[in-house]
4 protein chains.
Amino acid sequence: MLDLFATPRLRELAPRVTTFLEEEIIPFEQEWMQMPFTEVEKIIRAKKPKVQAIGAWNLYHAKHHGGPGLNLVEVAQISELLGRTPFGHFTFNCQAPDAGNIELLFQYASPAMREKYLEPLLAGELRSCFSMTEPEFAGSNPVLMGTTAVRDGDHYIINGHKWFTSSADGAALAIVMAVTNPEAASPYMRASMILVPTDAEGFELVRNVPVMGHPGSGWASHGEIRYTNVRVPVSNLLGPEGAGFKLAQERLGPGRIHHCMRWIGVCERAFDLMCRRAATRELGNGVFLGEKQMVQNFIAESRAEIDAARLMVLHAAGKMQEMGQHAAAAEISTIKFFAANVLQRVIDRAVQVHGALGVTDDTILSYYYREERGARIYDGPDEAHKSSLARKILKNYGLSIRNN
Amino acid sequence: MLDLFATPRLRELAPRVTTFLEEEIIPFEQEWMQMPFTEVEKIIRAKKPKVQAIGAWNLYHAKHHGGPGLNLVEVAQISELLGRTPFGHFTFNCQAPDAGNIELLFQYASPAMREKYLEPLLAGELRSCFSMTEPEFAGSNPVLMGTTAVRDGDHYIINGHKWFTSSADGAALAIVMAVTNPEAASPYMRASMILVPTDAEGFELVRNVPVMGHPGSGWASHGEIRYTNVRVPVSNLLGPEGAGFKLAQERLGPGRIHHCMRWIGVCERAFDLMCRRAATRELGNGVFLGEKQMVQNFIAESRAEIDAARLMVLHAAGKMQEMGQHAAAAEISTIKFFAANVLQRVIDRAVQVHGALGVTDDTILSYYYREERGARIYDGPDEAHKSSLARKILKNYGLSIRNN
Amino acid sequence: MLDLFATPRLRELAPRVTTFLEEEIIPFEQEWMQMPFTEVEKIIRAKKPKVQAIGAWNLYHAKHHGGPGLNLVEVAQISELLGRTPFGHFTFNCQAPDAGNIELLFQYASPAMREKYLEPLLAGELRSCFSMTEPEFAGSNPVLMGTTAVRDGDHYIINGHKWFTSSADGAALAIVMAVTNPEAASPYMRASMILVPTDAEGFELVRNVPVMGHPGSGWASHGEIRYTNVRVPVSNLLGPEGAGFKLAQERLGPGRIHHCMRWIGVCERAFDLMCRRAATRELGNGVFLGEKQMVQNFIAESRAEIDAARLMVLHAAGKMQEMGQHAAAAEISTIKFFAANVLQRVIDRAVQVHGALGVTDDTILSYYYREERGARIYDGPDEAHKSSLARKILKNYGLSIRNN
Amino acid sequence: MLDLFATPRLRELAPRVTTFLEEEIIPFEQEWMQMPFTEVEKIIRAKKPKVQAIGAWNLYHAKHHGGPGLNLVEVAQISELLGRTPFGHFTFNCQAPDAGNIELLFQYASPAMREKYLEPLLAGELRSCFSMTEPEFAGSNPVLMGTTAVRDGDHYIINGHKWFTSSADGAALAIVMAVTNPEAASPYMRASMILVPTDAEGFELVRNVPVMGHPGSGWASHGEIRYTNVRVPVSNLLGPEGAGFKLAQERLGPGRIHHCMRWIGVCERAFDLMCRRAATRELGNGVFLGEKQMVQNFIAESRAEIDAARLMVLHAAGKMQEMGQHAAAAEISTIKFFAANVLQRVIDRAVQVHGALGVTDDTILSYYYREERGARIYDGPDEAHKSSLARKILKNYGLSIRNN
């Protein structure tokens, strides 16, 4: 943790979280990686009393939501700690997409929905999913969307096709983005967020999309969903009609901070494994891998890049916290592509330093190598964020460039 | 195919091979990717008569070995064609490690072993493996080896621990590198190659090492093997005692050409998918992905790098063919690291251009992304080849640098 | 020289050229670098009889033009040899822009102009320049041009503003691109090439544009020119009216081959200096720079990239020679950006390996570092060539993209 | 300026400094770049009263040394502002090497030397130089040194050969590193710092070493010096005998912060020019350079890298300020290579975006391009810092690696 961003409650909480991960999670990681997540989920959830005992349940949430009440810069630094194992966030019930969905429900859910969904989510008894991305439309242009929710009396009738509805498998509810106001002047005012129970008629989990060789299961999966004449009451609407993008943006800002810091946790884990290997692998004749300058180069560049990424993300988090998401928009685009690329390079170097071992599943590295390739794509590909950043900058020089 | 390296028989054979792949293999690829390889093997082997009918069985081998009798530069170009699908080489019975093992057996096997193993290998009825890499020793320094073969009368008694004995699962025989002459002055004269039937007592396939999320099966697997007091007759020795490295080197030279050209086939496949996507994916408002300069940059850099790699590999193959492996040693080190890095970059760009689709298994790209990460590691990591090349060059400037 | 591209006459000529450079040019290079080029020119031209004695005068030109009559692939390889010193091409009277201008004059000049300009150019008694680039218009879009040539009876009246009219200082003539047919349907049919004597009224060499710290002089300079009501007879037109771009393209194709191979010569020079330094610079305690893997990495990557670039350029030259410029258009775009980037990286690494010495003028490296930065810009910047290449490729996938 | 690192006095001082630069310096920059520095010096020094009027004379120094008394983190941020023009630091009398020399003299100079040298240095009436680097020894290994100072009664007799004694031309004094205790056990305890007046007999400025095409003059030069039996009184010793390295280290730490922040100033200048060009250069048909994604990519990557570098340098400065140089050693190595590489890339992209204009001296970019190439070399080349950082890290993993 950097002194520059440390706070008293963070200094107090972080060691408890780290110790918990080191004692209760990381020793079982290798074993859990070979199990279906639906099994792992039970084991982890059984630890909930221990998690509560250290005051870290619902780790991202406000005090009146049962969490420790950290601010964004503090949460960010906790997210790094959790990122050191694939099971970190889930353990503390602050995993995506539930953490973001919980925020939405707190703000916009009706009392009935709160009771039915929000309380069990906070209790870790239910899971949820967020259904936005569509295979037919480029994610880099979020206003393109084929899913519709048509008003029919007191109900919406939803039709559409989604994928990368992560964690749909076993979820009790989906928050769905659908076009409700196709004729709205602004393309950013056409879609809404609607809560859909997954047992609603017409909700079909077509498959867990196989990603990098595995369909996954439970929380650790990415669903393809068909919505066919799904009827839900109008009261399932979250926020005003047409506010879907606005809410998605609100959600994405902190979400990107969380992701970026999680990646930095992954980086530190990979970096640690790389250094450990370099320091202990003998090449013969008493010469160790770490004495080789090409390996030193990997270590030095990784150290520099991880440090750079952490400072940038925390700086952006601080700006967002103090001045709001809009003011920090350029910084958020910047960290999204910068940190995702650092992540890929650091993991890649760690794999390389491990040689043949690096591509096996005997370390966590090959999991990270394939699983985190998505980081440069989801929540906006590198190219979209770079172009967006450049356009923001050039606007200050008098050049207006429309998207596309 | 480049005119510069085309030959009449290549011009004649290549289209037949390509057509076969396009009609008999690629349409089933997606389906086969989801099956255990042991099942796929049966389907592919059932096509053997068709393969023979187009004169492409044992595609790498000499005429008197039942192959078409191509030279190295021709074989190299065929290997590129086959590389466009993960099932290419297997279809024509020229897959690693069997193709290299067949060469060894032709040269060094006793008549009895030829009959028992070589003929069925050529017929595609058996499979073999090559057992060299050890987890405890750095592959970049091949003279370090823990496996021993101790003479006991007319037998060797073999003890050791290997991994990345690829395709051991289901193989009938292993060709094992073991130290027979630990006291030899040169560390390069201490090991020998010995044929070991996999049903020999003491031969244990500990596991198929899980690689990038999958243990694989059959030919598509990487075995961890324990040799515990395995007894084989001295006549199972291949070549002279102590010649193991020499034979391994002889095998590795053409092997690297084959691999590099296979990678270029993979590159062309990925490049084709990338361009297809760029040309057809609409971003909205009639703008296509391929109109974006960042995507154009990916395409242009990939085109340049693939062309560069192909020319370098074929040039090295030509030099090896005419002047021998020793003369082409610098070129072989160069293409090994150069082509492996081009491979990784091109696949990575193709994934990126596909967005979320790129990390799914709905295209072949995610398979290549994880499977071909090993290319920068096996047969010598980048770092070993770069250092070796630089040391060769600096020797001409009067600076002798020992390895390690 | 690569066996693959060697020819008997090349094998015969190349050593003579190399020996000449090593004995008559390179020993004086350091001294000449400190002199105005106008002085160096006299010294070099005084060696003309010696150059003629080895049959290398007008080295690029056909036999009936007084040259050795090499084909493009041969010329390319000679250009590499000459590239090893900044004075190479000039020594053999095949320097840009004169070599290209001579070709134009051979094809299109009137008998009077031939006598007045072509013969002395071939004799090395005159120099010429090529006046195309304009400061006000982006060079990446060659159809934008402000200079006009308006017909007035038997004369053209030329007005315009050019820069990077290289070697204008001291030239006897300029070949000027000017719009003669502004109303032509195709923007590629609007400009023409016109010969303008530099002593014509209204021709003003405003300045030698200072480039990377130096305005240069004589051949080694880049002129800014104003054309103010310059009158030249219509017979000074080279080729048909409106054919300017066509002729420029014809000229640029081989010109890019020459440049790319010259850059490879520069690369080899830098590479040689880098290796020499690495092999001889002691870091203390008997450890030499070349033993450090980071330096080995520089050497290995440079070797690979130079070899790749050479093969690509010669392959492109061969294709152009056999199938024409149009057929080789993609290859020419590819080598232009690929080789220029290799050039920059190799020089940069050589500078780095030299430490403080590398930025001084005590080696040729700092000259190359600053002088060759232009390579990624002139004759089309990287970005234009990459975009052009990608658009050519995507056309085959059914996507037509207009420039801009 | 980042809020995170802003302080009240910085907020107050920075705008005055910026305004001064914008009104009194930058408008004349282009003109001064063409003049010998010895002339420019007079013009700039004539502005001293104005500089004093805004309280910015001796900008880096403590209040009792006539400066504003900023701390390191504040000075760092001022150094960025000054870095936006090559004349920035000189204007405020805080240019290297004088600023560092002044610190040394404050701490270690005798009263006589203070009066003779320190006062006029603080007044901007004298200049000094720092004479450490030797052409015969690798700068990456600072304990190798050929210059000796042998005690002869009350004097030292100095003999040696130095270069990159920057600003020696016209300096009144040199601070010289020379071996005084060759037999000391630690190689780090053998050299001392000694003040040598440049008019001492035996002090010879052999030449201003030509760097990137120019020998420079006055402050803007890099001297090669011969010391031949130079006699100076023992009282010219600065600090204890054998403390040379310790003092050099003390000086280098803040020096690297200053340099890195100066580079960030250069980056911001180049970035601003790049964006200005991208926003205003038309490619034809109303399309501007900045609409091209390849240019947007340059802008986005530059923005990210500059922001990363600034945060890292200021974070390192903060750590050094609070915990001392030793505690911040890893951070200082990291910023040295990280920032120097960002600098080179950002300048390079800005040149590229300017096209042909970018290599001319019509903008400041070509000056920065060639002048700042040294940043990756001086004060320790990239490779030395990377290796040093990796060795520090690996020590924590139990692997001790000696230098060389």
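# Close-up views of the predicted model

**Figure 1. The loop that holds Pro97(A), and the helix beyond this loop.** Pro97(A) is found in the loop between helix 5 (88–91) and helix 6 of chain A; helices here are DSSP runs of H or I with at least four residues, strands are runs of E with at least two, and both are numbered from the N terminus. The model is a predicted one, in which local features need pLDDT of at least 70 and side-chain atom pairs count only at pLDDT 80 or more, whereas totals for chains, interfaces and linings use all residues. Residues are numbered from 1 along each chain as its sequence is written, and chains are lettered from A and ligands numbered from 1 in the order in which they are written. The peptide bond between Ala96(A) and Pro97(A) is cis, with omega about 0°. In helix 6 (residues 98–108) of chain A, the buried residues are Asp98(A), Ala99(A), Gly100(A), Asn101(A), Ile102(A), Leu104(A) and Leu105(A). A residue is called buried if 20 or more other C-beta atoms, placed from the backbone, lie within 10 Å of its own, exposed if 12 or fewer do, and partly exposed in between. The elements that cover these buried residues include helix 7 (111–122), strand 1 (128–131), strand 4 (173–179), strand 5 (191–197), strand 9 (237–238) and helix 8 (244–280) of chain A.

**Figure 2. The cis peptide bond of chain D.** Ala96(D) is placed in the loop between helix 5 (88–91) and helix 6 (98–108) of chain D, and Pro97(D) is found in the loop between helix 5 and helix 6 of chain D. The peptide bond that runs from Ala96(D) to Pro97(D) is cis, with omega near -5°. Ala96(D) counts as partly exposed because it has 17 C-beta neighbours inside 10 Å. Glu136(D) is 40 residues from Ala96(D) along the chain, and the C-alpha atoms of the two are separated by 24 Å.

Figure 3. Asn58(B) is not a glycine, yet has a positive phi of about 55°, and its place is in the loop between helix 3 (48–53) and helix 4 (72–82) of chain B. With 24 other C-beta atoms within 10 Å, Asn58(B) is buried. In chain C, phi of Asn58(C) is likewise positive, near 55°, and Asn58(C) lies in the loop between helix 3 (48–53) and helix 4 (72–82) of chain C. Asn58(C) has 23 C-beta neighbours inside 10 Å and therefore counts as buried.

Figure 4. The domain assignment, which is automatic or taken from a database, divides chain A into domain 1 (3–100), domain 2 (128–242) and domain 3 (245–395). The C-alpha centres of domain 2 and domain 3 of chain A are 30 Å apart. In this view, 11 residues of domain 2 of chain A are in contact with 9 residues of domain 3 of chain A, contact meaning that the C-beta atoms of two residues, placed from the backbone, lie within 7 Å. On the side of domain 2 that touches domain 3 of chain A there are 8 nonpolar, 3 polar and no charged residues; Ala, Val, Leu, Ile, Met, Phe, Trp, Tyr, Cys and Pro count as nonpolar, Asp, Glu, Lys and Arg as charged, and the others, Gly among them, as polar.

**Figure 5. The interface of chain B with chain C.** Here 33 residues of chain B are in contact with 33 residues of chain C. On the side of chain B that touches chain C, at least two residues each come from helix 8 (244–280), helix 9 (293–323), helix 10 (329–354) and helix 13 (382–395) of chain B, and helix 9 of chain B gives the largest share, 13 residues. That side divides into 19 nonpolar, 9 polar and 5 charged residues.

**Figure 6. Helix 9 of chain A against helix 13 of chain D.** Helix 9 (residues 293–323) of chain A and helix 13 (residues 382–395) of chain D pack with their axes 8 Å apart and at an angle of about 85°; the axes are lines fitted to C-alpha atoms over the stretch in contact, and angles run from 0 to 180 degrees between N-to-C directions. Helix 9 of chain A is therefore roughly perpendicular to helix 13 of chain D, where angles of 65 to 115 degrees count as roughly perpendicular, under 35 as roughly parallel, over 145 as roughly antiparallel and the rest as oblique. Helix 9 of chain A makes this contact through Gln293(A), Gln296(A), Asn297(A), Ile299(A), Ala300(A) and Arg303(A), and helix 13 of chain D through Lys386(D), Ser387(D), Leu389(D), Ala390(D) and Ile393(D).
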